[in-house]
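Open your viewer and get ready to click around. We'll go stop by stop, and at each one I'll tell you what to select and what is there.

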Amino acid sequence: MRQYFIRHAHAQERHEWEEDDMLRPLTAEGKRRMELAARRYFSMYPAPYHVVTSEAVRAMQTAEIVCGVTKGELVREPLLNPGADIACWLEAVKKLPGNTTTAFVGHEPDMTDFLSFYMAGSSMEIVLKKGSICHLENRHLVNLVQQKLLTD
C-alpha cells in the first residue's frame with residue numbers, strides 16, 4: 001500500500017482573511033509552487049489513483065493541482081476537514097482499497113498527529129511544511145520532502 005500525505009499549499013494568510021476559513025484559497029504563488037513540486041515529485045514516484053482531500057478550498061485547490069499533474073481521481077472527504085482527529089483520519093484511510101496508490105491532502109497539525117500514530121503508534125516529531133509530501137509504503141516512511149526542495 002503506497003500512500004502520499006500532502007499538506008495543502010500556501011494559502012492566503014488566516015489573519016488577512018475575513019471570510020469563513022473553509023473558503024480561504026491558495027495564493028497564486030502557492031498554486032505555482034504546488035504544480036512545480038507535484039510535477040517534479042511524481043516524475044520520480046508512481047502517481048496516485050485517488051487524491052482524497054479535505055473540503056476546505058485551499059486543500060481542494062491543492063488536490064486539483066495534484067490531479068492535474070497525475071490524472072488521479074479527486075475524492076472529497078469531510079473527515080479530513082480542519083480539526084480532524086486521528087480517528088477521522090483512520091476512517092478516511094480505511095475507506096479506500098489497501099492495494100492502491102492514494103494521496104491525501106489535509107491540514108496541520110491534524111496530519112502530523114495522525115502520521116505519528118499511524119507510523120509509530122505514539123507521538124513523534126514530524127515537520128510537514130505547506131505543500132510538502134510524506135510518502136509511506138505499508139505504513140513505513142519512504143521519504144518526507146519539503147516543498148522547498150522541489151521548487152528551488
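## First stop: helix α4

Select helix α4 (110-120): the cover over its buried residues includes β1, α3 (86-94), β4 and β5. Here a helix is a DSSP run of H or I with at least four residues, a strand is a run of E with at least two, and both are numbered from the N terminus. Buried means under 20% relative accessible area, exposed means over 50%, and partly exposed is in between (1.4 Å probe, protein chains only).

Before going further, know that this is a predicted model, where local features need pLDDT of at least 70, side-chain atom pairs count only at pLDDT 80 or more, and totals for chains, interfaces and linings use all residues. Residues are numbered from 1 along each chain as its sequence is written, and side-chain values use heavy atoms, with hydrogens and water left out.

Which residues of α4 are buried? Color Asp 110, Met 111, Thr 112, Phe 114, Leu 115, Ser 116 and Tyr 118 to see them. Now zoom in on Leu 115, which sits in α4 and has a relative accessibility of 0%, so it counts as buried. Leaving out residues up to four places away in sequence, Leu 115 touches Phe 5, Ala 120, Ile 126, Leu 128, Cys 134 and Leu 136. A touch is a contact: heavy atoms within 4.5 Å.

Try the distance tool from Leu 115 to Ala 47: they are 68 residues apart in sequence and 20 Å apart in space, C-alpha to C-alpha.

Next, look at what flanks the helix. Pro 109 lies in the loop between β4 and α4, and the peptide bond from Glu 108 to Pro 109 is cis, with omega near 5 degrees. After α4 comes Gly 121, with a positive phi near 75 degrees.

Select residues 50-53 and 73-76, which are strands β2 and β3. They run parallel and are joined by four bridges; two strands pair if DSSP finds at least two bridges between them. Click Val 51 and you'll find its bridge partner in β3, Leu 74.

Now stop at Lys 71, in the loop between α2 and β3. Its phi is positive, about 65 degrees, although Lys 71 is not a glycine. Is Lys 71 buried or exposed? It is exposed, with a relative accessible area of 70%.

Select β5 (133-137) and β6 (140-145). These strands pair in the antiparallel sense over five bridges, and Ile 133 has Val 145 as its bridge partner in β6. The hairpin has two residues between its strands, and Asn 138 takes a positive phi near 50 degrees there. Asn 138 is partly exposed, with a relative accessible area of 47%.

## Fourth stop: the cores

In soluble globular proteins, nonpolar side chains tend to be buried together. A nonpolar core is a set of buried Ala, Val, Leu, Ile, Met, Phe, Trp, Tyr and Cys residues joined through side-chain atoms within 4.5 Å.

The largest core here has 22 residues, and the members touching the most others are Tyr 4, Ile 6, Met 34, Tyr 41, Phe 42, Val 51 and Ile 133. β1 (2-7), α1 (28-41), α2 and β4 (101-106) each supply at least two residues of this core. Its largest share, six residues, comes from α2. Another core of 19 residues lies apart from it, and its members include Val 52, Leu 96, Phe 104 and Ile 126.

Go back to Tyr 41 and show its neighbors. Not counting residues up to four places away in sequence, Tyr 41 touches Tyr 4, Ile 133, His 135, Asn 143, Val 145 and Leu 150.

## Last stop: zoom out

Show the whole chain as a cartoon and count: there are five helices and six strands. Along the sequence they follow the pattern β-α-β-α-β-α-β-α-β-β-α. Along its principal axes, the C-alpha trace spans about 40 × 30 × 30 Å. Of the 152 residues, 50% count as buried.
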